[in-house]
Each structure stands twice: as structure tokens, then as C-alpha cells.
Amino acid sequence: MAVRRIRQNCRGGVLFCFLLGTLWDAGFGKIRYSIPEEMEKGFFVGDISKDLGLEPRALSEGRARIISKGKMQHFALNVRSGSLVTADRIDREDLCGRAPVCTVNIEILIEDKVKIYGVEVEITDVNDNPPRFETKETEIKIIEKEVSGTRFLLPEAFDPDVGMNSLQNYQLSPNHHFSLHVQRGTDEAKYPELVLERTLDREEEPIHHLTLTASDGGDPVRSGTVHIHVTVLDANDNAPVFTQSLYSVSVPEDVPLGTWLLTVNATDPDEGINGKMTYFFRKITQKTSQIFRLNSLTGAITVLENLDYEESSFYDIDIEVRDGPGLQDRAKVLIKVLDVNDNAPDITITSVTRSISENSPAGSVIALFNVHDRDSGENGQVTCSILEDLPFKLEESYENYYSLVTDKALDREQVSMYNVTVTATDGGSPPLSTDTHISLHIEDINDNPPTFVLTFYSVYVMENNPRGTSIYSLTARDPDIEENSHVTYSIVDDTVLGASLSSYVSINSETGILYALRSFDYEQFRELKLIVTAKDSGDPPLSSNVSLTLFILDQNDNSPEILYPVFPLDGSTGVELAPRSADPGYLVTKVVAVDGDSGQNAWLSYRLIKATEPGLFSVGLHSGEIRTARAFVDKDALKQNLVVIVVDNGEPPLSATVSVTVVVADTIPEVLSDLNSLASSEPPKDSDLTFYLVIAVASVSCLFFFFIIILLAQKLYQWQTSKILKSTSGHFQHIPASEFVGIDGVRAFLQSYSHEVSLTTDSKKSQMMFTQPNYANTLTMQQNWSYLW
């Protein structure tokens with residue numbers, strides 16, 4: 001501990017001598033200075049920056065300031081020079097009264113470090129007040145027969161200064177009858193008394209004029225005087241006497257006005273006017289005289305104004321009693337004011353942060369505040385608290401200073417604003433408390449990625465959609481705010497059927513609306529899988545992905561396709577053979593069709609819309625089988641032309657038609673003759689046709705016998721094939737073989753077909769088996785053709 005003292009001497013109109021001290025107390029973290037009172041505004045108190053070991057600019061850069069607690073500020077901080085100066089003229093007597101030591105405590109806050117330094121400034125006394133008597137003149141009445149050595153109380157002087165600057169001695173003006181005696185009390189007070197040295201003679205001199213001078217010990221010495229008029233009276237044998245020289249009473253500060261405190265009592269054995277006593281206050285300030293009332297006749301002391309322990313906890317009052325002729329006595333009354341819990345704690349916020357980032361570490365300082373209670377003892381002991389369910393805690397940092405700090409991690413998405421109530425409660429009974437509210441806004445950081453509502457999406461789109469049509473809207477939510485919650489959408493690029501995914505679909509980056517860039521074809525592909533990314537605009541940005549499957553729905557955009565019968569590629573007309581002896585229900589042929597659509601759009605139905613002989617043939621509604629509806633009669637035409645329509649089940653329905661020619665004959669020669677007759681009935685197109693017809697007839701005649709053998713072999717082969725089909729086919733087990741005859745004017749040839757059909761609900765997976773046709777003039781072996789559609 002080191003002490004540095006500086007002495008300055010002043011004379012004339014300059015400052016008087018004073019002592020300036022600086023003390024750094026490492027144990028309590030305080031700096032102590034000492035300055036005299038009555039210094040001009042701006043008077044240098046101490047070099048704060050130097051005593052704290054800081055550069056002067058550190059105070060300005062750190063936003064240093066003196067913390068105000070609602071009281072008058074006597075000091076100011078010069079942040080440029082780093083010095084502490086007076087803010088106004090300081091009167092020690094107004095500030096501390098007659099306290100032996102007068103100190104002022106201030107706190108200096110360095111805001112950027114949230115650190116507080118305590119400073120204690122002692123205000124030393126200067127001799128700026130002379131001793132003063134309550135009155136300029138006073139009268140003392142003395143009986144002429146009073147014996148020598150009798151003492152009489154004299155007025156006392158009051159000097160608000162302390163130490164050597166306070167009252168030091170009294171001096172009585174020169175005279176022949178009186179001397180001065182100064183008595184010292186227990187509180188070091190000086191009480192002047194007038195001592196009778198020679199007997200008075202009223203007839204010789206009825207009034208004596210004296211002057212009492214009170215002087216202090218200051219430099220220069222200051223003094224005050226009172227004029228004393230001694231009136232010589234006739235004899236009064238007894239002076240009044242107090243029953244106690246010291247009266248004391250303790251009273252709570254909240255007593256009602258008019259409360260009786262105590263009664264002083266004096267006795268005088270004299271009678272009449274000599275025994276009539278009157279009580280007076282002596283040596284009392286004007287403020288004290290306004291608080292207490294003394295009944296001059298009874299000696300009762302009552303309360304005139306409210307007591308305040310915080311302003312004064314103790315009153316020292318002198319009481320004087322006089323009888324009629326003027327004899328007197330004195331006593332002292334000590335009134336002790338007891339503290340009651342009548343002051344709630346004060347909370348002064350010195351530094352506060354209104355917003356904090358949600359990723360701030362635990363222990364971050366939110367606010368710094370001071371608590372103070374004007375009461376004393378337990379009534380002035382203050383504790384601070386906040387609600388337990390908040391992510392904050394209180395830490396005591398310096399004497400009555402508390403810090404509100406974060407206790408755990410904050411999450412703006414859960415709570416974006418806190419209203420923290422700090423409660424300061426004293427230890428009184430009942431306790432008093434004060435609340436202060438601190439609002440704290442939690443600043444957002446980008447700690448949440450955008451989130452889709454679903455983990456995956458399924459979207460259904462009808463095929464043949466217009467280009468540019470919006471097909472779906474995706475939405476991702478981000479609990480962050482502002483830029484951290486601004487979401488943009490994109491599609492992860494991929495390849496579909498050799499083309500970029502971006503050529504099929506696109507997404508609006510702001511709205512998340514998905515658009516089709518081309519018209520989809522169910523028959524080309526039935527689903528499209530893509531990955532959509534949602535990314536926010538934070539720094540760094542966060543993103544998330546979601547899978548979306550686009551299902552293409554079928555539309556009835558394909559007409560049925562006739563697979564059988566198929567017209568020959570050489571331009572001839574295909575016919576089917578039916579024997580004349582066929583019974584009703586005989587299977588003549590079967591119309592086979594498929595539809596490129598799916599579902600009910602591919603459900604086909606068959607109807608006969610035109611026939612040479614209505615009612616002769618019927619068509620299976622769902623099988624397409626052409627059967628005889630009745631037996632043939634002679635009047636039935638040899639050649640029957642049928643028109644079959646195939647209709648799907650779409651909306652609107654689509655259809656296709658096929659023409660089937662059925663030739664009625666029992667044997668092949670009959671067929672040939674019938675065909676020749678049919679051919680001869682047609683007009684010849686040119687001379688070459690006749691030539692070709694003759695060659696064809698000759699060839700048929702020559703190979704007739706060979707044809708019979710091959711026909712028998714074919715029938716046997718068909719019988720074996722039908723056995724195999726019955727064991728392998730679940731859909732069509734009885735598909736008959738029929739003869740096919742092609743006619744081209746003069747050329748006729750015979751061919752036979754055998755076919756196997758396997759259909760499923762998926763038209764693209766249906767199968768049909770065809771046998772290679774056998775021509776009568778080639779006698780080739782049969783081979784199976786297999787088609788997959």
C-alpha cells in the first residue's frame with residue numbers, strides 16, 4: 001500500500017493549503033483521493049488513468065463513465081486527460097455535517113470491458129465557518145445576594161467545521177465582578193459559564209454589560225460574539241434543578257406526528273414567581289427545532305414532523321430550565337431514531353444489451369446493475385433473483401453490483417424475445433422488493449435448414465399435357481427469419497431416356513412450382529423420378545433434398561390396332577373358309593386387336609356392323625370370335641362380306657374396323673370351282689390374267705394328290721399342337737385353324753393359318769403366335785412365327 005501526498009500553499013486570493021492524497025487499496029479494488037472542500041468546479045482530484053495503469057485514451061475508447069445512482073454528482077470524468085475533477089463546489093458541512101470523516105464513494109464503469117472501479121474521495125475541512133451564537137444578545141439575572149463562586153450558564157457558540165477549524169475557546173471581556181469558566185462535556189463540547197467573583201450590589205450597578213467571544217483554531221482564526229446583559233435582582237434563594245442530567249429515548253422512525261417522546265422535569269423549592277419554571281431548547285439547529293416540540297410549561301417533547309432514519313439517526317438536544325427571577329439549569333436529551341423497513345431497494349441499471357445472438361456462449365453479459373437500500377442492518381441487506389425457468393443467472397461482480405449473464409445456449413426459434421424481471425428484496429420484516437424489467441431480443445443465425453412437409457412426394461399427371469403447365473407446388477419451411485429463411489428451389493440434374501432432366505421439367509426457384517416443359521407420353525415412360533433441393537440464403541447457406549416421383553396417367557389417345565386378319569402384302573384379298581355343313585356356333589375365324597393404352601382405355605369390345613347375310617354370323621363381344629349363328633342354306637351367298645368394329649372403353653371411345661370375307665364350301669375342289677366362278681364373274685383386267693389363270697389351274701390339278709397328302713399331315717400336326725396349347729395356354733385354349741385363300745383375278749392359291757394369342761391387361765406385354773402359311777404350289781413345311789407387342 002503506497003500513499004502519495006502533494007502539498008500546495010496559497011495566499012491572498014489563491015487556494016489555501018490543502019492535502020491531496022491518493023491511495024490504491026488492492027484488497028478492495030478502490031482508489032482513494034483527498035481534496036479540500038469549497039474547490040472551484042473542474043478542480044483536479046486525481047489522475048485516474050495513471051492510477052489504474054491505463055492509457056488516457058483507454059478511458060475514451062472504453063466509454064468510461066461515472067455511474068449515477070440518482071444522487072447529485074459531485075465529480076466528473078475527463079476522458080481526454082484521464083483525470084477526475086470536481087463537478088461543482090462541494091460544501092463539506094452540507095454533505096457530511098459534523099462527521100469526523102467525510103467521504104464520497106463513486107464507481108467508474110468501463111463499458112467495453114463491463115468492469116467497475118471504486119473510487120473513494122475524502123473531503124477535508126477548511127475553516128470556512130466562524131463560530132456563531134444563536135442570538136446576538138442574552139440576559140442573565142442574578143440576585144444581588146448571590147455568593148461569590150456561583151456559576152451561570154452562558155450561550156454556546158456553534159461551529160459546523162471540524163477539528164482545529166471548529167470552536168476552540170471562549171474569551172470574556174474584562175470586568176471586575178465576573179470571570180469565565182469553560183466546562184468540557186463528555187462529547188468534547190465546550191460549555192461557557194459565567195463565574196461570580198465579587199458580590200453584586202443592585203443599588204450600586206443594576207446592569208453589567210459583558211461580551212463573550214468564541215474563537216476557532218483555523219488559519220486565519222474566525223470568531224463570533226454575543227453581548228451579555230447581567231441584571232442584578234433581588235434575592236432568589238434556589239435555582240431550578242433537573243431530576244436527570246441526561247435523558248435518552250429510542251423511537252422508531254415511523255412514529256405518527258404528535259407522538260410524545262419523553263418529558264424532562266426540574267424542581268425548584270422556591271414559591272411564587274421564584275419557583276415558576278420554564279423550559280427552553282438550547283444549542284439546537286433550525287431543522288431540529290422543526291422536527292421536535294418542547295412544551296415550555298410541562299417539559300414534554302413531541303414529534304412535529306416525520307422522522308427519517310436515513311437522514312439522521314441521532315439527535316443531541318440541550319434543554320434549559322429557568323425560574324421566574326432567571327435562575328437556570330440545563331440537561332441533555334439524546335433521541336435515537338430506530339430504523340424500520342420503509343425503503344424498498346433501488347435498482348440502477350448501469351449497462352444493458354438489448355439484443356444478443358442465439359449462438360452466444362454461456363456467460364455472456366446481458367446487463368450490469370447496482371442495488372441499494374437506504375435502510376440499515378437487515379432492512380438494508382438486499383438479495384436479487386430472477387425466475388428459475390429462464391436461461392439466465394445473476395452473478396455478484398462488485399460489492400452491490402450484479403451481472404445478468406446467459407446460463408445456457410439460446411434458441412431464437414423457441415423463444416425470440418425475453419422479458420427478464422429482476423427482483424431485489426431486502427431482509428426486512430415484512431420484506432420490501434423492487435422489480436426492474438430487461439427486454440432482450442434474440443438475434444437469428446442460420447442454424448436451421450429448410451424442411452419439406454413430407455419425406456417424399458408422389459405427383460400424378462395426365463399424359464398429353466400442354467407444355468409449360470404447372471403440375472405441382474412444393475413448399476419448404478425454414479424457422480429462421482429474414483435472409484436465413486428465404487428459400488430457393490432447384491432440381492438436381494439427371495438423364496432420362498438419353499435427355500437431360502431439365503428438358504422435361506423445371507421449377508420456379510422462388511415459389512417452388514413445378515412445370516412440365518414437354519407433353520408426356522404414357523406409352524413412352526410411365527414415371528419420372530427427380531430430386532428437389534431447397535436452399536436458404538444464409539451465410540453459409542443450408543439445404544435439404546426431397547424425392548419426388550412423377551407418375552404419368554394414361555389417356556385414351558390410341559385407337560385399337562387390328563392384328564388379325566392381316567391382308568396380304570401383294571394386294572390380294574384374304575378370305576376365310578367355312579364349310580356348308582357347319583353347325584351353328586362354328587368358329588369361322590377370330591379378330592385379334594390390341595390397344596396401346598392401358599387400363600380401361602385398353603378394354604376392347606367387338607361388334608358386327610355389316611354383313612352380306614344379317615343373322616348368319618355373330619361376333620363375340622370380348623373375344624372377337626366370328627361364329628356361325630345358324631346353319632347355311634342354299635340361298636346363302638357363296639361369298640359373305642363381314643365388317644367388324646373394335647371399340648375401346650376410353651372416354652371418348654376410339655375404334656377400328658376390319659373387313660372379313662368368308663367363302664362357303666365343303667371341299668377344296670368346290671372351293672376352287674367356286675373361286676373360279678367368282679373370278680370368271682369378274683371382268684378380266686388384261687390378257688395376261690388369262691394366261692396366269694391357266695397356269696394356276698394346271699398346277700393345282702397336277703399337285704392335287706400331293707396336296708391331299710400334305711393336308712392330312714397338316715391336320716395331324718394341328719391336332720398335336722392343340723394338345724400342347726391346352727397344357728400351356730390359360731387364356732385361349734381352343735383357337736381353330738382355318739384355311740385362307742387368296743385370289744388375284746386368275747391366280748389362286750391356298751394357304752392355311754394356325755395362330756396362338758396370349759393377352760394381358762398390359763397391352764405391350766401381349767403375345768400372338770402365327771404359323772408360316774403353306775402354299776399349295778410350294779409344299780413347304782410349316783414354321784412358327786412369334787410376334788411380341
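User: Let's start with a ring pair. Is Phe-133 buried or exposed, and what about Tyr-170?

Analyst: Keep in mind that this is a predicted model. A residue counts as buried when its relative accessible area is under 20%. Phe-133 falls in that class, and so does Tyr-170, so the answer for the two of them is buried.

User: How are the rings of Phe-133 and Tyr-170 arranged: stacked, edge-to-face or tilted?

Analyst: A pair of aromatic rings is described by how far apart the centres are and by the angle of the planes. For Phe-133 and Tyr-170, the centres are 6.4 Å apart and the planes meet at 50 degrees. Under 30 degrees would be stacked and over 60 edge-to-face, so this pair is tilted.

User: How many residues apart in sequence are the parts that this pair ties together?

Analyst: Phe-133 belongs to strand E10, which covers residues 132–133. Tyr-170 belongs to strand E14, residues 167–172. The pair therefore links parts whose separation in sequence is 37 residues.

User: What kind of pair do Phe-452 and Tyr-457 make?

Analyst: Both of these residues, Phe-452 and Tyr-457, are buried. Their ring centres are 6.3 Å apart, with 75 degrees between the planes. An angle over 60 degrees gets its own label, so Phe-452 and Tyr-457 are edge-to-face.

User: Which residue joins Phe-452 and Tyr-457 in one aromatic cluster?

Analyst: Phe-452 and Tyr-457 already form a pair of their own. The cluster they belong to also includes Tyr-472.

User: Which cysteines form a disulfide, and is it right-handed or left-handed?

Analyst: The sulfur atoms of Cys-96 and Cys-102 are 1.8 Å apart, and the cut-off is 2.5 Å, so these two form a disulfide. Cys-96 is partly exposed at 22% relative accessible area, while Cys-102 is buried at 0%. The torsion about their S-S bond is about 60 degrees, so the disulfide is right-handed.

User: Which ring does the charged end of Arg-518 sit over, and how far is it from the centre?

Analyst: To count, CZ of an Arg must be within 6 Å of the ring centre and within 35 degrees of the ring normal. Arg-518 sits over the ring of Tyr-504, and the distance to the centre is 3.9 Å.

User: Where is Asp-128, and which side chain does its own side chain make a polar contact with?

Analyst: Asp-128 is in the loop between strands E9 and E10, and at 24% relative accessibility it is partly exposed. Residues it touches beyond its sequence neighbours include Glu-38 and Arg-222. The polar contact, at 2.9 Å, is with the side chain of Asn-129.

Key:
Residues are numbered from 1 along each chain as its sequence is written. This is a predicted model: local features need pLDDT of at least 70, side-chain atom pairs count only at pLDDT 80 or more; totals for chains, interfaces and linings use all residues. Side-chain values use heavy atoms; hydrogens and water are left out. Buried means under 20% relative accessible area, exposed over 50%, partly exposed in between (1.4 Å probe, protein chains only). Rings of Phe, Tyr and Trp (its six-membered ring) pair if their centres lie within 6.5 Å; planes under 30 degrees apart count as stacked, over 60 as edge-to-face and the rest as tilted. Helices (H or I, at least four residues) and strands (E, at least two) are DSSP runs, numbered from the N terminus. Contact means heavy atoms within 4.5 Å. A polar contact is a pair of N or O atoms within 3.5 Å; within protein, one must be able to donate a hydrogen and the other to accept it, and residues adjacent in sequence count only if both atoms are side-chain atoms. Lists of a residue's contacts leave out its neighbours within four places in sequence.
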